[in-house]
Amino acid sequence: MSDLPEQLQQKVETARQACADFENGAFLLEWGAVDRVDLDGDLSHDWVLNERGFSCSTAASLYCGTGGCMSHFLVQDVLHSLLNQGWSLADLGPNRVLLADVHGSQCGGINPTPCVTASTWDSDEKQWRTTTAEWE
C-alpha cells in the first residue's frame with residue numbers, strides 16, 4: 001500500500017472507509033487489485049488500481065455492480081477512472097490501445113449487450129482519446 005502513488009492511496013482509503021461505515025466491515029485489497037503496465041507506450045510502467053480486487057467482509061457487492069467495477073488509470077500523474085467489466089491492452093500501429101468491456105448501455109443496449117471501447121493516451125494533452133465508430 002505504501003508504494004502506491006498518493007492519488008491511488010486516496011481511492012483505497014475511500015474504499016476502506018466505505019467498508020468500515022457499512023456494519024464495521026473489514027476491508028481487504030486482494031491480489032490483482034494493482035497492475036503495473038505501460039499504458040501510454042513510453043516503455044515505463046504506469047499504475048492501474050482495479051476495484052474488482054477490493055473486498056469488504058460485510059458487503060458482497062460494495063465496489064462492483066452489473067456495470068462492472070471501476071478501474072483507475074494513472075498516467076503521467078493524471079488519474080482517470082472507467083467503469084468496466086474487464087480491460088486489456090493492445091498495440092495498433094504506433095498507438096498503445098486500452099480495450100475495455102463496458103456496460104451495454106454505452107452501445108445503446110442493456111447490460112448483456114456486447115460493448116467494447118478502445119482508447120489511446122494523448123501524451124501532449126494528457127487525456128484518453130476515443131471515438132464512437134460510424135459503421136455503414
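Which residues in α1 are buried? I will come to that after two remarks on the model. It is a predicted model, in which local features need pLDDT of at least 70 and side-chain atom pairs count only at pLDDT 80 or more, while totals for chains, interfaces and linings use all residues. Residues are numbered from 1 along each chain as its sequence is written, and side-chain values use heavy atoms, with hydrogens and water left out.

Now the helix. Helices are DSSP runs of H or I with at least four residues, strands are runs of E with at least two, and both are numbered from the N terminus. The buried residues in α1 are L8, V12, A15 and C19. They lie on the same side of α1, because the arc they cover around the axis is only 60°; that arc is taken from the directions from the helix axis to the C-beta atoms. Buried means under 20% relative accessible area, exposed means over 50%, and partly exposed is in between, with a 1.4 Å probe and protein chains only. E6, T14 and D21 are exposed, on the other side of α1.

What do the buried residues of α1 pack against? The list is β1 (27-29), β3 (46-50), β4 (54-56), β6 and β7 (78-84). Contact here means heavy atoms within 4.5 Å. After α1 comes E23, with a positive phi near 55°.

Strand β6, residues 68-75, contains S71. S71 has a relative accessible area of 2%, so it is buried. Its side chain makes a polar contact with the side chain of N84, at 3.0 Å. A polar contact is a pair of N or O atoms within 3.5 Å; within protein, one must be able to donate a hydrogen and the other to accept it, and residues adjacent in sequence count only if both atoms are side-chain atoms. Leaving out residues up to four places away in sequence, S71 touches several residues, including V48, H80 and W87.

Last, the aromatic rings. Rings of Phe, Tyr and Trp (its six-membered ring) pair if their centres lie within 6.5 Å; planes under 30 degrees apart are stacked, over 60 edge-to-face, and the rest tilted. That rule gives six aromatic pairs. F54 and Y63 are edge-to-face, because their ring centres are 5.4 Å apart and their planes stand at 85°. F54 is buried at 6% relative accessibility, and Y63 is buried at 11%. W121 and W128 are buried, and one aromatic cluster is formed by F73, W87, W121 and W128.
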